[in-house]
Amino acid sequence: MSEPIAVLVGSLRKESYNLKVAKVLAKLALTSLELKIIQIGDLPLYNEDIDAASPPQTYTRFRNEISACKGVLFVTPEYNRSTPAVIKNAIDVGSRPYGKSVWSKKPAAIISVSPGAIGGFGANHHLRQSLVFLDMPTMQQPEAYFGGVANSFDDKGDIIEKSQAFLKQFIDAYSQWFEKTK
Ligand code: FNR
């Protein structure tokens, strides 16, 4: 039986490279994992007042979807050397109400994706800081800073072989990490 793994994509752009990479990862994953891209773009900015009074339906939907998954993959761009607000907001929504975090103990991994040369290093490591606090065992190796992504898809939109091999190595390592830490 496949284990459901939530995939959070930190870009809302239709033509997002991060979304393309997430879809490639979903195809490359061993059949033991079922990668599910979870919608985060519809979550209102976290506000404890509205959460306490009457949680928006989108918060409840999101928390239920993450709770039903056994692990979490973060596929994130870098915005101003950090994690985009949309992904941080999703993390904040999932971490509340206090004591009911949906993240706790779920094996995680991060891949940062950028057209730039540094491969989203800053976003990758800022995100890692939150996952430490949220008690998510997060894969450390291989590190995955996917730079130069604009050159990794051919004219037909297919991923080039070298980049596919990099992603395969990453997702197989996550599969092993998941088995070890779940
Ligand atoms: C960026 N971009 C960017 N890239 C990078 O490598 N480091 C950075 O700090 C930033 N900062 C940044 C801020 C903002 C507000 C935007 C909109 C963009 C460029 C970014 O990597 C590029 O737009 C990617 O294509 C975004 O990922 P998606 O949307 O293609 O998945």
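Colleague: Which residues of H1 are buried?

Modeller: The buried ones are Asn18, Lys20, Val21, Ala22, Val24 and Leu25; buried denotes 20 or more other C-beta atoms within 10 Å of the residue's own, exposed 12 or fewer, and partly exposed in between, with C-beta atoms placed from the backbone. This is a predicted model, in which local features need pLDDT of at least 70, side-chain atom pairs count only at pLDDT 80 or more, and totals for chains, interfaces and linings use all residues. Residues are numbered from 1 along each chain as its sequence is written.

Colleague: What do the buried residues of H1 pack against?

Modeller: They pack against several elements, including strand E1 (3–9), strand E3 (71–76) and helix H6 (161–181). Helices (H or I, at least four residues) and strands (E, at least two) are DSSP runs, numbered from the N terminus. Contact requires C-beta atoms, placed from the backbone, within 7 Å.

Colleague: Which residues make the contact of H1 and H6, and at what angle do the axes cross?

Modeller: The axes come within 10 Å and cross at roughly 65°; they are lines fitted to C-alpha atoms over the stretch in contact, with angles from 0 to 180 degrees between N-to-C directions. Val21, Val24, Leu25 and Leu28 of H1 meet Gln164, Leu167, Lys168 and Ile171 of H6.

Colleague: Is Lys168 buried or partly exposed, and why?

Modeller: Lys168 counts as partly exposed because it has 16 C-beta neighbours inside 10 Å. Lys168 lies in helix H6.

Methods: Contact = placed C-beta atoms within 7 Å.
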